[in-house]
Amino acid sequence: MSAAESAVETIQREMTIFARRARASAGRMHPELSLVSYTLLGHLEEQGGCRATDLAAHYALDKSTVSRQVAALERAGLIERRLDPEDHRVQVLHLTEAGREILAQVTRSRRAAFRVRLAGWPEEDLVRFAAYLERYNADPGETGAD
C-alpha cells in the first residue's frame, strides 16, 4: 500500500471517529438539540433564512428528513415560517429569538470544547489544521473532488 493510500485510509477512519464524537457530544451541549438541528439552525442564521427545500439541497438530505427536523424545530419554538416578500407562495424559515439564543449557547459550548481539546497545539498547527479543514470542506465543484 502506498503512503497516499494509507493516508486516505487514516483520514477516513479519523473522520468517522470525529463524526461519532460530534454526534455524541451534541447531547451534552444541549440535550434537546441534535447535531443535525444545530447544523440547520446554523445554516439558517448564516443565510438569514431559507426555504426547507434549500436546506435539503444544501445538505443533500431527503426532503422528508428535513421536513421532520423543521417540524421539530418549529414545535420547540426555535424557527418560524414567514412568507417570502418577493413570492408569497413561498415560506422562508427563520430563527426565532429562542432559536438564536440556543444556537449561541451551543456554539459557545462547542467552541469551549474545541479549545480544551486543542489547548496544547502550537498556533501554526491550529492555523494549518483550519486551512486543511476549509480546503477539505470546500465545494466539490471548486476542487474537482466528488
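This note sets out, in numbered points, the main features of a predicted model of one protein.

1. Overall content. The secondary structure consists of seven helices and two strands.

2. Dimensions and burial. The C-alpha trace of the protein spans about 55 × 35 × 25 Å along its principal axes. The protein has 146 residues, of which 25% are buried.

3. The nonpolar core. In soluble globular proteins, nonpolar side chains tend to be buried together. Here the largest nonpolar core contains 18 residues. Within that core, the residues with the most contacts are Leu33, Leu41, Leu44, Leu55, Leu73 and Ile79. Two or more residues each are given to the core by helix 2, helix 3, helix 4, strand 2 (87-95) and helix 5. Helix 2 provides the largest share, namely four residues.

4. Isoleucine 79. This residue is among those with the most contacts inside the core. Once its neighbours within four places in sequence are set aside, isoleucine 79 is in contact with Leu41, Leu44, Val70, Leu73, Glu74, Leu93, His94, Leu95 and Thr96. Of these partners, Leu41, Leu44 and Leu73 are likewise listed among the core residues with the most contacts.

5. Helix 2 against helix 5. Helix 2 (residues 35-47) packs on helix 5 (residues 97-117) at an angle of about 115°, and their axes lie 10 Å apart. Angles of 65 to 115 degrees count as roughly perpendicular, and the two helices are therefore described as roughly perpendicular to each other. Their crossing is left-handed. On the side of helix 2 the contact involves Leu35, Tyr38, Leu41, Gly42 and Glu45, while helix 5 contributes Leu103, Val106, Thr107 and Arg110. By class, this contact comprises five nonpolar, two polar and two charged residues.

6. Helix 3 against helix 4. These helices pack at an angle of about 125°, with 9 Å between their axes. That angle makes helix 3 oblique to helix 4. The crossing of this pair is right-handed. Ala52, Thr53, Leu55 and Ala56 of helix 3 meet Lys63, Val66 and Val70 of helix 4. The contact divides into five nonpolar residues, one polar and one charged. Leu55 in this contact is also one of the core residues with the most contacts, and Val70 is one of the contacts of isoleucine 79.

7. Aspartate 62. The loop between helix 3 (52-59) and helix 4 (63-75) also holds aspartate 62. Is this residue exposed or partly exposed? Aspartate 62 counts as partly exposed because its relative accessibility is 48%. Between the C-alpha atoms of aspartate 62 and arginine 135 the separation is 26 Å, and the two residues stand 73 residues apart along the chain.

Notes. Residues are numbered from 1 along each chain as its sequence is written. This is a predicted model: local features need pLDDT of at least 70, side-chain atom pairs count only at pLDDT 80 or more; totals for chains, interfaces and linings use all residues. Side-chain values use heavy atoms; hydrogens and water are left out. Axes are lines fitted to C-alpha atoms, for helices over the stretch in contact, and angles run from 0 to 180 degrees between N-to-C directions. Angles under 35 degrees count as roughly parallel, over 145 as roughly antiparallel, 65 to 115 as roughly perpendicular and the rest as oblique. A crossing is left-handed if the near helix is turned anticlockwise from the far one by less than a right angle, and right-handed if clockwise. Contact means heavy atoms within 4.5 Å. Ala, Val, Leu, Ile, Met, Phe, Trp, Tyr, Cys and Pro count as nonpolar, Asp, Glu, Lys and Arg as charged, and the others, Gly among them, as polar. Buried means under 20% relative accessible area, exposed over 50%, partly exposed in between (1.4 Å probe, protein chains only). A nonpolar core is a set of buried Ala, Val, Leu, Ile, Met, Phe, Trp, Tyr and Cys residues joined through side-chain atoms within 4.5 Å.
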